[in-house]
Amino acid sequence: MRYGGQVKMISMRNISLLYASIIFTVFTAYFFALLFTIYPFLSGHLNWNPVLNWFVTGYFLFIPMLIYAVIAAKWEGRTTLTAIFSGLSIKPMSARDWKCAASGLAVVFA
């Protein structure tokens, strides 16, 4: 990896099966809590396409997951934004990726 003209290698930390299971279980329980709270509220109070209720519920799940992933990358010693993106395998979207994403959103919101 290149950072500001110099090469810096950061190794990924392996986590135990127990720790991975705990992370999975916590976010699964959180997802079920959302299914019994946020999703019924959105379905009952907003006159949206039902698919949009799932998208909004998903934001309540995936934003905390992303925040946790960034925190975990920082625990690995990744301090710069470039290093965190590299640790999370986040790469810039290509022109084709943007077209597919825009097309999918257009279909959902149509």
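**Exercise 1.** Which handedness does the crossing of helix 2 and helix 3 have? Describe how these two helices pack.

*Solution.* The model is predicted.
- Step 1: The crossing of helix 2 and helix 3 is right-handed.
- Step 2: Helix 2 covers residues 38-45. Its packing angle with helix 3 is about 145°, and the axes lie 9 Å apart.
- Step 3: Find the residues that meet. Helix 2 brings Ile38, Tyr39, Leu42 and Ser43. Helix 3 brings Pro50, Asn53, Trp54, Val56, Thr57 and Phe60.
- Step 4: Sort this contact by class. It has 7 nonpolar, 3 polar and no charged residues.

**Exercise 2.** What is the relative direction of helix 1 and helix 3?

*Solution.* 
- Step 1: Helix 1 spans residues 17-36, and helix 3 spans residues 50-75.
- Step 2: They pack at about 155°, with axes 10 Å apart.
- Step 3: Angles over 145 degrees count as roughly antiparallel. Helix 1 and helix 3 are therefore roughly antiparallel.
- Step 4: The crossing of helix 1 and helix 3 is right-handed.

**Exercise 3.** Which residues of helix 1 meet helix 3? Classify the contact.

*Solution.* 
- Step 1: From helix 1, take Tyr19, Ile23, Phe27, Tyr30, Phe31, Leu34 and Leu35.
- Step 2: Their partners in helix 3 include Trp54, Phe60, Met65 and Trp75.
- Step 3: Count by class. The contact of helix 1 with helix 3 has 14 nonpolar residues, 1 polar residue and no charged ones.

**Exercise 4.** What pattern does the protein chain follow along the sequence?

*Solution.* 
- Step 1: Count the elements. The chain has 5 helices and 2 strands.
- Step 2: Read them in order: β-β-α-α-α-α-α.
- Step 3: Of the 110 residues, 16% count as buried.

Conventions:
Residues are numbered from 1 along each chain as its sequence is written. This is a predicted model: local features need pLDDT of at least 70, side-chain atom pairs count only at pLDDT 80 or more; totals for chains, interfaces and linings use all residues. Side-chain values use heavy atoms; hydrogens and water are left out. Axes are lines fitted to C-alpha atoms, for helices over the stretch in contact, and angles run from 0 to 180 degrees between N-to-C directions. Helices (H or I, at least four residues) and strands (E, at least two) are DSSP runs, numbered from the N terminus. Angles under 35 degrees count as roughly parallel, over 145 as roughly antiparallel, 65 to 115 as roughly perpendicular and the rest as oblique. A crossing is left-handed if the near helix is turned anticlockwise from the far one by less than a right angle, and right-handed if clockwise. Contact means heavy atoms within 4.5 Å. Ala, Val, Leu, Ile, Met, Phe, Trp, Tyr, Cys and Pro count as nonpolar, Asp, Glu, Lys and Arg as charged, and the others, Gly among them, as polar. Buried means under 20% relative accessible area, exposed over 50%, partly exposed in between (1.4 Å probe, protein chains only).
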